[in-house]
Amino acid sequence: MTTLRQFSRFVAGSIGLMLRGPAVYWVWVATLVALVASGVAAYVTQVSEGLIVTAMRDQVSWGFYIGNFTFLVGVAAAAVVLVIPAYVYHWKPIREIVIIGELLAISAIVMSMLFVLVDVGRPDRVWHLIPGIGHMNFPRSLLAWDVLVLNLYFVVNVVVVTHILYRAFSGREYDKRFVVPLVLLSIPLAVGIHTVTAFLYNGLAARPYWNASILAPQFLASAFSSGPAILLILLQLLRRFTRFEIQQSAIAKIAELMAYAMFLNLFLHGAEAFKEYYSATEHLRFTQYWFEGLDGHRTMVPYAWTAVSLNLTAFLLFIVPTTRNNWITLNLGCVATYAGVYIEKGMGLIIPGLTPDTLGEIYEYYPTITEVRVAAGVFAVGFLVFTLLLKVAVPISLGEFQSDRMPEADAATAPRGLEPAPAGSAMSLRRTDH
Amino acid sequence: MVIDLKRCIGCYGCQLSCKAEHGTPPGVFFARVVKREFGTFPNTQLTFLPLLCFHCTDAACVEVCPTGASHYRQGGIVDIDATMCVGCRACIQACPYGARYYHDEQAAYFPGQGLTPYEQRKYATHTTGVVMKCNFCIDRVTSGLEPACVANCASRARVFGDLDDPHSEVSQLVRLRGGEQLQPELGTRPNVYYLPV
């Protein structure tokens, strides 16, 4: 059988897997599709009416979309960096973890790129940003750098994942000489995408709130706590519903590492807050707007303190061994991390950066329904991509979906020493209905 | 350009003539006058600060533009190629002087009545979904006229000229009267100087 034919069988089989599932799976997919549809409808309004349907104005001209973009770049970066502790601690099911981290990275990158797309005023001209075809202002514009590194990171992850899954499907081990360098490359790339994204804000002398060199390290610290938070919940679900073997000690180790990352995040925030409040220059106004409100404008204050308390809670839950080994408090900590970092890095970064504006005016930004609907749609696309990818990756990793177990398997390519195919459908997804 | 703060009487002539020249939509001011009151009675002070794009030599907006739509033109004028702008608004974040505006919709000055013939004609010259800004009235300048805000300044507070020529009026005013840039510490090297009160 030619490689091409085998690959098309892989693709067809994967699609088949995605189209099969228990009722819970279909309810989940239908919910996501409904959210996507609502998002598309809202986006159509936005394109025809203009960004005036959002709450963004000249004073605050980046908002909810760019905040989500920043957060998701962090998730994408952190998902792969989990590979490092996996290597360091010789974690056994490393291949599966690498794959799941990379699938999460792919989905997060898809979402972050969509968030940039929905934010621009002229989506019809986004091709100007395609290297080679468009007119990129490279290397001067950090935005051009961001487009390049995000796409590179995306391609590397897609290539690695496809290779590993396809090889597993064909019943062969993945090519170490091909995968290991790419996985190792994706680690500096992961740090790179988040650093470049931080520099996007960091480089602007006009915005003192962003013009702090602590920004990139703090981005990485918060990413390394929020990214694993999602993975931890996911690994528990996989362990519960599939035959995936994930040791409790491994989960506790990740939680412990998250405690350190969260501590670093809180520490860097504290260092920045100290500098602002102790020196109390006119640049303090931005920090004041976030934590205490300015001239009676207090829309953001509840969010600021919610984020701080959630992050503190998460830190305490993860640093105490008893609570990080208890699955209830562990998951509470994950949710707290996720929500805390989401607020702090989304709205908490963008809005005080732009309020008050360069002329000292205060425009209170709060996202409109259209923005929320579009954002929910983008998140739904990402979750859908992730769900479908997992639907294929999990059975492959468990050896339940392989070319030689498909009914029309070609004996010539089948590896030696096969066990007989399990009864029932060769592609059945046993207990993967999370 | 040089703006003499001693001469400015805060009449908004520059702001209005700029609107007439470029036909910018509501809320967009390529030229604007910021009025500020200081102190408590009886020790009070009223100042006017006319603002526009400073056409910086090291413009932060040109630096961050991902497509090169923001660029330097002949004589150092900072302009936007409206066909290249993707509307990402990175330049708005980068400009320390609030000189850039996102052109979202062809908003009517008299809501409910539709666009006036004047608005229809002027709005046709501006693309929507992109960023817009002062271009030092480059069309007027290339045909030998002064920018609209300079030509219409009632108290001759604004002087337009070549800062690279040490003998020009603007260069001499900056030298003799101690012309100052706004926020020079940001390193953008603005090409608009203010003569102190």
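Predicted model: local features only at pLDDT ≥ 70, side-chain atom pairs only at ≥ 80, totals over all residues.
**Exercise 1. Through how many residues does a hairpin join strand 2 of chain B to strand 3 of chain B?**

Residues are numbered from 1 along each chain as its sequence is written, while chains are lettered from A and ligands numbered from 1 in the order in which they are written.

Step 1. Find the strands: helices (H or I, at least four residues) and strands (E, at least two) are DSSP runs, numbered from the N terminus. Strand 2 covers residues 32–40 of chain B and strand 3 covers residues 43–51 of chain B.

Step 2. Look at the link: the hairpin goes through two residues.

Step 3. Check the pairing, which takes at least two DSSP bridges between two strands. Here strands 2 and 3 of chain B run antiparallel and are joined by nine bridges. B:R36 stands opposite B:T47, and B:G39 has B:T44 as its bridge partner.

**Exercise 2. Work out the strand order of the open three-stranded sheet in chain B, and name its edges.**

Step 1. The order reads 8-1-9, with mixed pairing.

Step 2. Strand 8 (158–159) and strand 9 (193–195) of chain B each pair on one side only, making them the edge strands.

Step 3. Strand 1 (residues 2–4) of chain B runs parallel to strand 9 of chain B, with three bridges between them.

**Exercise 3. Describe how helix 11 and helix 13 of chain A pack.**

Step 1. Start with the setting: chain A has 15 helices and zero strands.

Step 2. Recall that two packed helices are described by the angle between their axes and the distance between the axes. Axes are lines fitted to C-alpha atoms, for helices over the stretch in contact, and angles run from 0 to 180 degrees between N-to-C directions.

Step 3. Read off the values: helix 11 (residues 301–319) and helix 13 (residues 327–345) of chain A pack at about 145 degrees, with axes 8 Å apart.

Step 4. See who touches whom, where contact means C-beta atoms, placed from the backbone, within 7 Å. Among the residues that meet are A:Y303, A:L310 and A:F318 from helix 11 of chain A, and A:L332, A:G340 and A:I343 from helix 13 of chain A.

**Exercise 4. Is A:Y342 buried or exposed?**

Step 1. Locate A:Y342: this residue sits in helix 13 of chain A.

Step 2. Apply the cut-offs: 20 or more other C-beta atoms within 10 Å of a residue's own means buried, 12 or fewer means exposed, and in between is partly exposed, with C-beta atoms placed from the backbone.

Step 3. A:Y342 is buried, because 21 other C-beta atoms lie within 10 Å.

Step 4. Zoom out: of the 434 residues of chain A, 45% count as buried. Helix 7 (residues 176–202) of chain A has its share of buried residues, including A:V183, A:L189 and A:Y201.

Technical notes
Contact = placed C-beta atoms within 7 Å. Expected span 1.5 Å × (residues − 1).
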